[in-house]
Amino acid sequence: MTSRYRSSEAFQGLNSPSPRRRTVVKAAAATAVLAGPLAAALPARAATDAPAFLHGVASGDPLPDGILLWTRVTPTPAAIPGSGVGPDTEVSWTVAKDKAFTTIVSKGSLTATAASDHTVKADIRGLEPATDYWFRFSAGGTDSPVARTRTAPAANAAVAGLRFGVVTCANWEAGYFSSYRHLAARNDLDAWLHLGDYIYEYKSGEYTARGTVVRPHSPANEIITLADYRTRHGKYKTDPDLQALHHKAPVVAIWDDHEFADNSWSGGAVNHTEGAEGTWTARQAAAKQAYFEWMPVRPAIEGTTYRRLRFGKLADLSLLDLRSFRSQQASTASGTVDDPDRTITGRAQLDWLKAGLKASDTTWRLVGNSVMIAPFVIGSLTADLLKPLAKLLDLPQDGIGVNTDQWDGYTDDRRELLAHLRSNAIGNTVFLTGDIHMSWANDVPVNAGTYPLSASAATEFVITSVTSDNLDDIVKVPEGTVSAIAAPLIQIANRHVHWVDTDRHGYGVLDITADRAQMDYYVLSDRTNANATSSWARSYRTRTGTQKVERTYDPV
């Protein structure tokens, strides 16, 4: 299928070959697009020390007239990610309307240096809206793989439909990134959203697949320094399935905690020991620097990932940074989750979000949201299920029903935001959420305690993890065992939750028309199998004007 506003020419040539830890509840061989260039580059580089594009290419943050292009060049064999060595290297880029590069529309060059870990970004402008383009980089006579990207529709364009892949929580050591491969194979995505935990910070063996390292990452130590973060990002971008998806569509990414450290906040993290692991200020700065070097993200405010993109009159997308400004997570025993002086967004970002939602003139207001906003209480789970669920949520083992790393730990911010939506009659707000390693379809009630008698201010689609452990993995029982028992109990205690699957890994496909926003949930056969298959699990939608979720029985 193709998106409704896309022309029939948009996909010509796409299939032809070419040169943890606890915040749970928080490959196949390379495709033809990249196998040829990488295989050719490696022996030539070994013989001649020619530059090589070992980490693929990527694009992101599409605008009506522009796109951000990214790559990393390895100028010499010693200039590996995080090494801090290697010569300055001129890298040229070319953008064309066709995969054969017969109609070139933009070209230029940049200098890759050790100071930026030999990564480069080209912020291309002057392009046509809602148009497919192909691009590549070159250095020292070596061409990168060719990749496809796409611009956003014109700001005032009447757009019939949009389609986005949606992913989150990809732990290298816990399995293969088959979700990326299956999304790349669709050929119908306008873009894909990564809702955080693109990388994980743990030392090797600390956060795995049911205690087993499926494939070791690097460096083997917990990443703390700038070189460490660069090395880990570099390792991730050697994954063939991740490269394949970056080569097929632009990404729109936000970070969550593991791009820094588990349960991070503005002044520290659960997985950071001040002094022994240096200062949090230094570690946070290193993580952010490496992220902006290695990701095709265009920060609206330097040092953050909150920004807004628009896709014609159909949708805008507000992207949140819920780590840089948040207060430390409350102790569930202290009863401070309602403290109005505590924040998950920071004052400036919350005001920005409220103003943007109110001013929006699009049919849909999407919010890229790294942690769940819908309220969640555990309810009457049996002891054998309560203990692992509480462990995954960082809760006391006595079962107090709130995850203080989510919006549940910052209820004043949530009340203010939801009251703003209601008092200003702002409809069609859909939160797109990661982090919790489970699939959810939620209404977002103004008052969960009286729901469904109280109003729903928005809806929320939560996507499960690509590979990171979820509930059945922690309990170490067959897939589906826990969900069959826990899901009905969760829904009884949380009447705004239409569906929850605690046990499977996969991805989502969000399809938007003027009438409805629909999330199709897909699951993998086995995250530890590089050739895992994918199957459709369920679909939920919210129809325009309703602010409620309903089940639908066919994927788009």
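This report covers the fold, cores, ring pairs and charged contacts of the chain.

## Basis and overall make-up

This is a predicted model, in which local features need pLDDT of at least 70 and side-chain atom pairs count only at pLDDT 80 or more, while totals for chains, interfaces and linings use all residues. Residues are numbered from 1 along each chain as its sequence is written, and side-chain values use heavy atoms, with hydrogens and water left out.

The chain has 10 helices and 24 strands; these are DSSP runs numbered from the N terminus, helices being H or I with at least four residues and strands E with at least two. Of its 556 residues, 63% count as buried (under 20% relative accessible area, with exposed over 50% and partly exposed in between, for a 1.4 Å probe and protein chains only). The accessible surface comes to about 18,200 Å², and 54% of this belongs to carbon and sulfur atoms. Accessible areas come from the Shrake-Rupley method with a 1.4 Å probe, and for residues only the protein chains shown count as cover.

## Nonpolar cores

In soluble globular proteins, nonpolar side chains tend to be buried together. A nonpolar core is here a set of buried Ala, Val, Leu, Ile, Met, Phe, Trp, Tyr and Cys residues joined through side-chain atoms within 4.5 Å. The largest such core has 40 residues, and Phe177, Tyr180 and Trp192 touch the most other members. At least two residues each come from α2 (178–184), α3 (226–236), α4 (240–246), β11 (251–253), α5 (280–294) and β21 (506–512). Helix α5 gives the largest share, 6 residues. A second, separate core holds 34 residues, including Val371, Ile378, Phe431 and Met438.

Contact means heavy atoms within 4.5 Å. Leaving aside neighbours within four places in sequence, Phe177 is in contact with Ala170, Asn171, Trp172, Arg215, Tyr236, Asp239, Asp241, Leu242, Val466 and Thr467. Elsewhere, Thr89 is found in strand β3 (residues 89–96) and counts as buried because its relative accessibility is 9%. Residues up to four places away not counted, Thr89 touches Val73, Pro75, Leu110, Thr111, Ala112 and Ala139.

## Aromatic pairs

A pair of aromatic rings is described by the distance of the centres and the angle of the planes. Rings of Phe, Tyr and Trp (its six-membered ring) pair if their centres lie within 6.5 Å; planes under 30 degrees apart count as stacked, over 60 as edge-to-face and the rest as tilted. The count by this rule is 22 aromatic pairs. In the pair of Tyr180 and Trp192, the centres are 5.9 Å apart and the planes are at 50°, so the pair is tilted. Tyr180 lies in helix α2 and Trp192 in strand β10 (residues 191–194), so this pair ties together parts that are 12 residues apart in sequence. Both Tyr180 and Trp192 are buried.

The pair of Trp255 and Tyr291 is edge-to-face because the planes are at 70°, with the centres 5.0 Å apart. Trp255 lies in the loop between β11 and β12 (264–265) and Tyr291 in helix α5, so the parts tied together are 36 residues apart in sequence. Trp255 is buried at 0% relative accessibility, and Tyr291 is buried at 1%. Ring pairs also link Trp172, Phe177, Tyr180, Trp192, Tyr198 and Tyr236 into a cluster.

## Charges over rings

A charge sits over a ring if NZ of Lys or CZ of Arg is within 6 Å of the ring centre and within 35 degrees of the ring normal. The charged end of Arg215 sits over the ring of Trp172, 3.7 Å from its centre. Arg136 lies over the face of Phe101, 4.0 Å from the ring centre.

## Salt bridges

There are 34 salt bridges in the structure, each a side-chain nitrogen of Lys or Arg within 4 Å of a carboxyl oxygen of Asp or Glu. Asp190 and Arg150 form one of them, with the closest N and O atoms 3.6 Å apart. This pair links distant parts of the chain, 40 residues apart: Asp190 is in the loop between α2 and β10, and Arg150 is in strand β8 (residues 147–150). Asp190 is buried at 3% relative accessible area, and Arg150 is buried at 1% relative accessibility.

Asp408 and Arg414 form another salt bridge, at 2.8 Å between the closest N and O atoms, and both residues are buried. Asp123 and Arg125 meet in a salt bridge at 3.3 Å, N to O. Here Asp123 is partly exposed at 37% relative accessible area, and Arg125 is partly exposed at 44% relative accessibility. A network of salt bridges links Arg163, Arg186, Asp188, Asp511 and Arg516.
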